Amino acid sequence: MYFKFHDPTKVFFGENVVNKNKALFKEYGNKAFIVTGRNSGKLSGALDEVTDVLNEQKIEYMIFEDVLNNPSTDNVKKAGMKAMEYKADFVIGIGGGSPLDAAKAVAVLAVNDIDPYKLFKNVFPTKPIPIIAVPTTAGTGSEVTPYSILTRDDMKTKMSFGNEHTFPVVAFVDYRYTKSMPYETTVSTAVDALTHAVEGYTSVRSTPFSDIIAKEVIRIFGKNKDNIINNNFDSRVREELLYMSMIAGFVISQTGTTIIHAMGYSLTYFKDVSHGTANGVLLKEYLKFIYDQLREKVDNVLDLMGVNNIEEVSALMKKILKYDIELNEKELDTFCDITMKLRSIKYNVKPLEREDAYKIFKESMQ
Ligand code: NAP
Ligand code: ZN
């Protein structure tokens, strides 16, 4: 065995962890820059709880609540400039993956006056300021990953950056903040976490330890399958889904993602399909594509999900994600061109050729 495992985020998981650990904020300075979405911070209750603690601790703060879904380089630059002017000591990201990823970009841009496209070079003249992450969705695991995934309009896709300095220093992970998520977001984000585990487990970068975590993620998804189908999200289920998504973050921090994510970005960019749903749509064809290479692992995935065969994966995804996407030939061509340029495709266990990408896109829409 030969592998590295690195995840420096200090995690506090459970009810009221923000309040219970309020003294910790002070360790990161006297001025916080809060990065959140238009609604997620408020609806989840997390923004109020965090600002109450900051007030109590006499920490000054400024709130940027204009993070868009799938944030663009322009969107994060706007926030980064405000954080720089404000001379923030640290950043607090509150929300789903979009605000958490934006917070990582802001942490870099608050102390580096650079064109946001330079973020993707992953070398920052000045070390980013510390990031505290408070998730309000249960899907991306961004609270424990170094990745920030941004929309690149120049390449008409999404791309990630991140290095060891963009791991959040602290994650406050409290399922109560996920209770306000509507059904569609709950399901789509749960499927995102599932695909992180499946891709990590089947990646050429998988490790014995990341595999243990990945299998646990898939098991928890399988265990909660009926709850997901039946819209039964009581506190216990919410907590399990949040735990599942966080530990799936530990998996992709080691392995990264593979072709599901790479291909899904086109569905999000051009067809406005939410991130998790885009991945769920492609899951069946992905498993079929890699089956001859990784039979045992794919069979384990099916077992843990509690389905009998790959076709049942597709039936399940259709049932819970309720998608209906049509792609014309021009779109298929464009999506394949874009996919083939993405670096994450090289971590796929089976090399992806353009005609494979075409087939996967096309068959996934059936
Ligand atoms: P999201 O884009 O952050 O949020 C989706 C929607 O849900 C938004 O409208 C958001 O509102 C709303 N929302 C969030 N929490 C809510 C709550 N508790 N109650 C009610 N509404 C809530 O969705 P996401 O799936 O969590 O994140 C997707 C992004 O993360 C993508 O850009 C994806 O590429 C990225 N991602 C990152 C990683 C990583 O490792 N960093 C991994 C996978 C995916 P607001 O508009 O108000 O925020
Ligand atoms: Zn994802």
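**Notebook: the two ligand sites**

I started at serine 142, where an N or O atom of the side chain sits 3.2 Å from a nitrogen atom of ligand 1; I count N or O pairs within 3.5 Å as polar contacts. Ligand 1 alone exposes 930 Å², and the protein buries 91% of that (Shrake-Rupley areas, 1.4 Å probe).

A note on the source: this is a predicted model, where local features need pLDDT of at least 70, side-chain atom pairs count only at pLDDT 80 or more, and totals for chains, interfaces and linings use all residues. Residues are numbered from 1 along each chain as its sequence is written, chains are lettered from A and ligands numbered from 1 in the order written, and side-chain values use heavy atoms, without hydrogens and water.

A backbone N or O atom of serine 40 is 2.7 Å from one of the ligand 1 oxygen atoms, and a side-chain N or O atom of asparagine 69 is 3.5 Å from an oxygen atom of ligand 1.

Then I turned to the metal. Which residues coordinate the zinc ion (ligand 2)? I found Asp192 (OD), His196 (NE2), His261 (NE2) and His275 (NE2), at 2.1 to 2.2 Å; donors here are N, O and S atoms within 2.8 Å of the metal (3.2 Å for Na, K and Ca), and water is not among the atoms, so sites may look incomplete. In sequence, I read the donor spacing as D-x3-H-x64-H-x13-H. Histidine 261 lies in helix 10 (residues 259-271) and histidine 275 in helix 11 (residues 275-290), with helices taken as DSSP runs of H or I, at least four residues long.

Methods:
A polar contact is a pair of N or O atoms within 3.5 Å; within protein, one must be able to donate a hydrogen and the other to accept it, and residues adjacent in sequence count only if both atoms are side-chain atoms. Helices (H or I, at least four residues) and strands (E, at least two) are DSSP runs, numbered from the N terminus.
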